[in-house]
Amino acid sequence: MLNSRDLNDKTYEELMAKALLSIPLYSDEWTNFNPSDPGITILENLTAFETLQQNDIGRITPKIQQKLLKLAGFQAEKGRCARVFLAAEHLTEPVKLPANQKFLVGDLCFETNRSLELKPFRVTGVWGVRDGKRHDCGYLLDREVKAPAYIFGEKPKRGDSLWFTMDGLPGPGEEVIFHMTVADRYNRNPFTEKENNIFADIKWECFTRDGFVEMRVKDCTGCFLVSGEVRLRLPDIPAIPCQEAFDHGFVIRATLERADYDVRPKLIHITGFLFEVWQKETKAACYTFNKISSVSLLSDLLEEGYVTVFCKEEKGSSYKRYLPAYGGEGRGRFYRETKEEDNTHTWHFDKKTYGYGPGKVKNAVKVAAYTEEMMRRYFLGTVLGYDNQTIELPEKHIVADSFCIIARRKGEDGDDIYDFVRPSRPSVGDLTYYLYESEGKIVIEDAGDFIGADLYIGTLSVTRGKAGNIRSGNRFAGAGLFQGPRFYNPAEGTGGAFRETLEEVKRRFLMDLKRPYTAVTGADYERLVMETPKLCIHKVKAWMNHNRNLVRIAVKPGTDEEFPGLPDTYKAAIEKQLEDRRLLTAKIQIVAPVYTPVDVHGTIYVKRQYDNSRELILQAIRKNIDYIHSDRNFGETLKFEQVFHEIESLDCVEFIYELSLIPRNPGLVRLVDGDIIPAENCLCYSGNIVLETG
């Protein structure tokens, strides 16, 4: 139905002709079929009405298509702001960053979501401790050095640790963010946060006055297997310098409690004390507070001076607007505003003096702030009450999660009351509307009790979608921060996207239909194994044993080992991946790879003008026999003719006098007319090469 056409649709002329032909079946007295006959006029009107109804019934509108896709589990992905971690360089003293502090790179704007204070702390050292011996890994802190480090050595084991020493730490309970850049040598499938790490467990601790205390952690690196951030929540006990540390600083320690790594952790860079910014530009913001006597806020938007203050005076009531008091006012809804040296604004409410103030309720005070540009366009229009009233917004590509409008209407006492309304949140009597963030418009589905209300922008930010997914290493300029720290992003931006269009959702739906969920063919099994979360899979081959109704699957991990086996962790993860996808009666057996060398004997005459002919021939032989590092798969036939032709086609070769390929493990291969056919789980590689050149 997503692309359906109703082939039974008829035009007005066709329906009218059919109706005229049907008249004699119902009345033999009606003989005047001319347009002047009143009965024909009535029939024409009814036929026209039927045509209109037919068109409406047969049309599958975009909204209907969206609901059909939702029934199938497919909804448009919301637009998202790209997220970037920033590090500060040359920070010598604490710097307060307000909410919506802008950081610019090129023509892109990134912002903080909340006010925060940057402390001038640095990671001064990184040490690996193995078997009681320390290993200096401090070069991982240098952005210019690209030397990798096996932080837990060649054979990681329980008890190995990584020490981070710092010249200071934030206060108890605060968060510290590190970014680890891993040497991406293998094509590892993504980690899922909900499942436990099958390869390792790490305990993160901070040294405090009570010794080492464990911390809460969100590790997005899979215990140093993929690049990502590590977010650490400092313990409630204050941190102190550790005398055991190698440079006597504050210490955070990561200790292996389990080490079943398939790949040794290899880092190339560590960056500490990061903070988050999002690719967006806020044109209007609404800040909410629960306090009732005074509220304080540090925000760049406040400096433009377009601020409106609202208070809720009773539970369940709408908001009332409060005005600044300049002195000498009597009773009324007023506030006093003060400003600190660090640009923190504070609004004071005095119910005893003015007779009005915010009540002891949740979200008692709201402060709306606007840029000058948005203040000129913040009035949207009036709710008229008809179905699907569309109102254009002043911007497109809006951040949906933070958007809201302010609805002003008359209360029972005749005063203006204000409600802050978010999209797609229907309830009895409320204003219900939907935001089309990409197009920059809202559609009011149900006006409720808000007919006649005036609508204003409450919160509005715009984003650039995928453009915010920038590469790492950019220099950022902090708007208004003319001196002091410099900022850069040690990792690329992630997550930026515009909202999916209906066509994109339909394409995703159709692709999913074509994507087999249940494994039936060998290709299905191979694809599912290759997609097993967390694993590095290099080669897969599935084949059927029909006598036993058994599917056997050979898997080669992409790991550090030259001839890797198949660890139990891999087998368990693959079996879990396939359990819900296999046919009910099918049995599955995961098979480890086996390897066989192929010896080569040959006599080859070469051209005299080539000095390196022997090396070129050896390279060609090894390349054609190497199943381990090449794209050749399990069980693929090694053709004698192909090896012969590859050598013969070399410019340095005159002719091949003699050539033979001899597999060293005959039990793993079959020889057919000089060709070598490995077993289904066998990979070949070059063994001894005896080569005579003349």
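Keep in mind that the model is predicted.

Let's start with the salt bridges. The whole structure holds 43 of them. Take Arg 231 and Glu 175, whose closest N and O atoms sit 3.2 Å apart. This pair links distant parts of the chain, with Arg 231 in strand E14 and Glu 175 in strand E10 (residues 175–182), 56 residues apart. Arg 231 is buried, at a relative accessible area of 14%, while Glu 175 is partly exposed at 31%.

Next up is Arg 409, which forms a salt bridge with Asp 419, with 3.3 Å between the closest N and O atoms. Since Arg 409 belongs to strand E27 and Asp 419 to strand E28 (residues 416–421), the pair ties together parts 10 residues apart in sequence. Arg 409 is partly exposed, with a relative accessible area of 22%; Asp 419 counts as buried at 16%.

Then look at Arg 664 and Asp 599, whose side chains meet in a salt bridge of 2.8 Å, N to O. Arg 664 is in the loop between strand E38 (653–663) and strand E39 (669–672), and Asp 599 is in strand E37 (residues 594–606), so this bridge ties together parts 65 residues apart in sequence. Here Asp 599 is buried, with 12% relative accessibility. Salt bridges with shared partners also join Arg 83, Glu 175, Glu 229, Arg 231, Arg 233 and Glu 276 into one network.

Now for Glu 395, found in the loop between E26 and strand E27 (404–410). Because its relative accessible area is 16%, under the 20% cut-off, Glu 395 counts as buried. Its side chain makes polar contacts with the side chains of Lys 283, at 3.0 Å, and Arg 377, at 2.9 Å.

Asp 387 is in the loop between strand E25 (379–382) and strand E26 (389–392), and it is exposed at 63% relative accessible area.

Finally, the backbone. Phe 224 has a positive phi, near 70°, and lies in the loop between strand E13 (216–219) and strand E14 (228–233). Asn 343 has a positive phi of about 75° and lies in the loop between strand E22 (334–339) and strand E23 (345–348). Asn 343 is partly exposed, at 33%.

How values were computed. Residues are numbered from 1 along each chain as its sequence is written. This is a predicted model: local features need pLDDT of at least 70, side-chain atom pairs count only at pLDDT 80 or more; totals for chains, interfaces and linings use all residues. Side-chain values use heavy atoms; hydrogens and water are left out. Helices (H or I, at least four residues) and strands (E, at least two) are DSSP runs, numbered from the N terminus. Buried means under 20% relative accessible area, exposed over 50%, partly exposed in between (1.4 Å probe, protein chains only). A polar contact is a pair of N or O atoms within 3.5 Å; within protein, one must be able to donate a hydrogen and the other to accept it, and residues adjacent in sequence count only if both atoms are side-chain atoms. A salt bridge is a side-chain nitrogen of Lys or Arg within 4 Å of a carboxyl oxygen of Asp or Glu.
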